[in-house]
Amino acid sequence: MSTHTTGNDIFQLAQRLWPLPRSLTGGGTRETLSMLSETVDGLNICEVPSGTQCFDWIVPNEWNIRDGWIVTPEGTKIADFKSNNLHVVGYSSAVDTTLELEELQQHLHSLPENPDAIPYVTSYYNENWGFCLSHNQRRTLRSGRYQVYIDSTLQPGSMTYGELLIPGISNKEILLSTYICHPSMANNELSGPCVTAFICKWLNSRVNNRYSFRVLFIPETIGSIYYISKHLDQLRNNTIAGMVVSCVGDERMYSYISSRQKNTLADELALHILKHRGFAYKAYSFLDRGSDERQYCSPGVDLPVIGFCRSKYGTYPEYHTSLDNLSLITAQGLEGSYDFIQLWIEMIEAHCYPKIRTLCEPQLGKRGLYPTLSTLESARIVQKMLNVITYSDGSRSLLEIADYIGAPIWDVHEICKDLQKHELLDMNPI
Amino acid sequence: MSTHTTGNDIFQLAQRLWPLPRSLTGGGTRETLSMLSETVDGLNICEVPSGTQCFDWIVPNEWNIRDGWIVTPEGTKIADFKSNNLHVVGYSSAVDTTLELEELQQHLHSLPENPDAIPYVTSYYNENWGFCLSHNQRRTLRSGRYQVYIDSTLQPGSMTYGELLIPGISNKEILLSTYICHPSMANNELSGPCVTAFICKWLNSRVNNRYSFRVLFIPETIGSIYYISKHLDQLRNNTIAGMVVSCVGDERMYSYISSRQKNTLADELALHILKHRGFAYKAYSFLDRGSDERQYCSPGVDLPVIGFCRSKYGTYPEYHTSLDNLSLITAQGLEGSYDFIQLWIEMIEAHCYPKIRTLCEPQLGKRGLYPTLSTLESARIVQKMLNVITYSDGSRSLLEIADYIGAPIWDVHEICKDLQKHELLDMNPI
Amino acid sequence: MSTHTTGNDIFQLAQRLWPLPRSLTGGGTRETLSMLSETVDGLNICEVPSGTQCFDWIVPNEWNIRDGWIVTPEGTKIADFKSNNLHVVGYSSAVDTTLELEELQQHLHSLPENPDAIPYVTSYYNENWGFCLSHNQRRTLRSGRYQVYIDSTLQPGSMTYGELLIPGISNKEILLSTYICHPSMANNELSGPCVTAFICKWLNSRVNNRYSFRVLFIPETIGSIYYISKHLDQLRNNTIAGMVVSCVGDERMYSYISSRQKNTLADELALHILKHRGFAYKAYSFLDRGSDERQYCSPGVDLPVIGFCRSKYGTYPEYHTSLDNLSLITAQGLEGSYDFIQLWIEMIEAHCYPKIRTLCEPQLGKRGLYPTLSTLESARIVQKMLNVITYSDGSRSLLEIADYIGAPIWDVHEICKDLQKHELLDMNPI
């Protein structure tokens, strides 16, 4: 019996979104955003016409699919889109014909090394059609004529994305970005938009956010490139920290992908939290990037954006196959990611350069800050407070102090607030 | 039979100071300073009235004690102040009463894990009284009424400290600080003021000290806070290196405690000497600080002050107990510390940025600097001289050159003096 | 059967130069330069009069030797200069006398620990005479009168060196320096001038060298000191990278000696090439210097000059003995060094700060830069191109990008040229 209330809510949202046939564009994505807006108050759903130029790219035509299948010479319907939307290659053009197995094979995709899995394949920028199926099933196909049918359209329309803007006291912004362009896969991708939706709900519930928030639910690559092309100055001038949220639903581990700049507050806080929470985690270099941090961090854009995952895309065996299903993600896994992102945001908001007011150490005893009972534990507490005091010289950030004295930043933050209450310290927010 | 002449002199001074009942204030401390002034010509003994405000602190009342003991129900006198001044808790108020063992226990201190030792306990800022005794003795106490007696006074008076100022050619200063507020304990504390007194004697004997010297014999914490509060600008403007001298009498090892700034000349020289002397030593971070470097290095004071010890306070089993007695310290241990401090001072005075005068290597042979007999040893000597020459580019300090070429700074200093004599090099003192 | 064509040519040049009796000055060195000029078009052979002052040094008298030998009491001629020019100590004055073995011993040099080798000994700045022979031979000498004869002259004349200047598009220069002052020894020294001569031949054959080249064939120490003293401003203003070429003929390993500044382009490229070529190599600190980098890097001269060797001088057992003969060097060993220097020069010329032109990633697919066949190898190629793109932000050099993404600089250079061809990137040469 799980007690992960928020995790359960997130999981239920993922279950509802599961069957929708998402892609770069089209109805499945539009419905996904509409369903997310039930959780995300104020989500602005935007349409970008096909053919819109954005930097070196062009928004592709809109793809919609209604059905797709193969009938074998024996009359069996296989690779049925309605049973699993991974069966049809993404952006397949329409087809309705019969052909020999040999010819059909050019249009089939399977994974010999993972023979039970249906692979996830797309052909966004090369007009084509194809089917994906398990290698075990493919090996049963006999010679003969096959009927193939795909009922899809690829024509001018629009690309759809969602944007939530929450103004804060400062116009400096924290950016969250997640993608909504993969069909029925759970860790990569539903975990991302679902956790992010509940982070939005939490942010919407707070009063007086210190910073403004910009949260994007976009198709990967073309979505972020379009968005950056339209908001470049705003993003460059105001973004103080950002995160691409992806593959955040399983329980195996945590992963952090460095920003291109490497040592931003976003990076250092993520690493600090992973370390001090005692999580099993892996820190990846920007060389291991793979999602929209590629665009946010590109030269000339240069946003301080990190990637955050549980098991990182490309590293777990179910990745980009039908095995990345709802049994891979859990309420506990989702909630762990939610908690991490929440703490990361709170600690960015806490960022400051504390400065002690007294010269020499203050006399803690007369303020009741010195424990009367002298035990090892109380000595440790006093020592931690004295360490915070001695490094609160106005030149070190809260995080630098925490790292230097080897304490979690949330503990140091509490101590600083306590000292501030006693008028011994100024927090000096930036 | 020891040949440690200076060490023996230091040890004898410690023996004479041993019985005096030192504390933050009072006659024992005053007598201690008076006895030190026999060795330290020019020691200025200062009195600071009780109640004087210094930063966040107030100078406490003066405490004087004449006697103290317990008489057991069996009529035995125990915990007799006159046999060991650790028996009475520091700053105990006067008492003269009888009470049940159960009630007395609230006022007793012992160490179950170190049952032969009398602990050292104080209650400076909480008016109270108490006795310290060995845990073995405490366990023999039987129920019944006990007579307790402490003949002490705690009333307005003054805090006493000693200051020695030796003007040098430069008004830039080297600061030495040691404390004189602990009763009869040897490594922590008598080793500190006794070694420092003999360093003063040596400094007084020199003509033309390059730098000025400021040496303080003060009660710990309140003494340094008071002193800083009165001389802040002078200390901040002129101090180029400083050292807190404490626990410098045993032979077990050497210890260095980093300044808060970490990479000052004081720090780097101390580490260099420890390393190149081949001493067993431990380098502690400023996080392990515990004595007056806490105040000298505090934010806004920011002096380049390190801590120097043999076995560091808090790390050896006899610390703050009656077992820290004269058998723990030796003439050899004291003299090792004396030698270290002397060398540290000499090398601070030697600090410079040597600059070779020739372009390309000078021709050593024509000046007799190249050995005529070519042996491995002579090749090593020439190579060391050429290394000094090649890094004497005016941008590197003597210490940086020594560290870079892996030679002791005193060797590099001799080579530089030799090259200067041949008009090949300028020492460029800062 | 070796296919090392260039290596064979270099080896044959070494064979021709082998017998000449080189020294700091004199006919052997003059003939050596004359023979080198057959390969090095434009080699300017210069004469510097004895007695010329250069910084702290004076050009010595010119030494010429025609013959030298010992006749034993038994009438055997030994230590015959004509059989091996190492037999006579370099710069020996003339002698023609008989003397007892005991007296002769003062003038003999041998190596007890290397008893088959004739040592190489000189006495440039101390007028003297002497013979070198194997220790095994020396041990056979019996008491009696020995006849000794050296037919040499040491008198005012000149010191000879060679200089090649190749103007490039830029007046910034790459400096190569090698020495021509050792008699018949192969790795140290013939490998150096012979490899360098063929590098000159290659440089002479190129059109439009990006940088100018300055190549020096000089006697060690006094040659470089003289040359620096005459061209100090030119060298300081224009040299962007330099290399002392020495001991580059054997096959055992590669060696790099750091410049004094340590992190120059010359240094970092050398290390990068050694690492990415997969060579067995050793990187030496400037503390291990021993050749003319001592002068080029000295304070106030400060050129970015590294040392390059196969087995470094002083580290291999045949060094400075008759065992350093033509059997120690090979066509393959010489050609490996030639290839290394060539690549080092090419990559210095390629030095630039690439800058991508697009914001966000360019769309590689529409330019045919994205492989249509998706394999692990093609994914690796795309990833490498994307890595080059993402770090081509105009602030990182080609070498820094290569080091960061872990690829050879020559691969990164090819990718940049490809992207430049597609107008996606500017090379921004410095």
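**Notebook: three chains and where they meet**

I began with one pair: the side chains of Lys366(B) and Asp56(C) meet in a salt bridge, 3.5 Å from N to O. The rule I used for a salt bridge is a side-chain nitrogen of Lys or Arg within 4 Å of a carboxyl oxygen of Asp or Glu.

A note on the ground rules: this is a predicted model, where local features need pLDDT of at least 70 and side-chain atom pairs count only at pLDDT 80 or more, while totals for chains, interfaces and linings use all residues. Residues are numbered from 1 along each chain as its sequence is written, chains are lettered from A in the order in which they are written, and side-chain values use heavy atoms, with hydrogens and water left out.

**Entry 1: chain B against chain C**

I looked up the whole interface next. The rule finds 4 salt bridges across the interface of chain B and chain C. I also found 11 residue pairs in polar contact there, both residues at pLDDT 80 or more. A polar contact is a pair of N or O atoms within 3.5 Å; within protein, one must be able to donate a hydrogen and the other to accept it, and residues adjacent in sequence count only if both atoms are side-chain atoms.

Which elements of chain B give two or more residues to the side that touches chain C? They are helix 10 (376-391) and helix 11 (398-405) of chain B. Helix 10 of chain B gives the most, with 6 residues. I took helices (H or I, at least four residues) and strands (E, at least two) as DSSP runs, numbered from the N terminus.

In contact terms (heavy atoms within 4.5 Å), 20 residues of chain B touch 18 residues of chain C. The two chains bury about 1,800 Å² between them, 49% of it on carbon and sulfur atoms.

**Entry 2: chain A against chain C**

Here 18 residues of chain A are in contact with 20 residues of chain C. Chain A and chain C bury about 1,800 Å² between them, with 49% of it on carbon and sulfur atoms. I found 4 salt bridges across this interface. Arg294(A) and Glu361(C) meet through their side chains in a salt bridge of 2.7 Å, N to O. Helix 6 (222-238) and helix 8 (293-296) of chain A each supply at least two residues of the side that touches chain C. Helix 6 of chain A gives the most, with 3 residues.

**Entry 3: a helix inside chain C**

Which residues of helix 2 (residues 27-36) of chain C are buried? They are Gly28(C), Thr29(C), Thr32(C), Leu33(C), Met35(C) and Leu36(C). Buried means under 20% relative accessible area, with a 1.4 Å probe and protein chains only. What covers them includes helix 1 (5-17) and helix 5 (186-205) of chain C.

**Entry 4: one serine in chain A**

I found Ser258(A) in the loop between strand 14 (254-257) and helix 7 (265-276) of chain A. Ser258(A) is buried, with a relative accessible area of 6%.

Conventions
Buried < 20%, exposed > 50% of the residue type's maximum accessible area, 1.4 Å probe, protein only. Buried area = accessible area lost by both parts, 1.4 Å probe.
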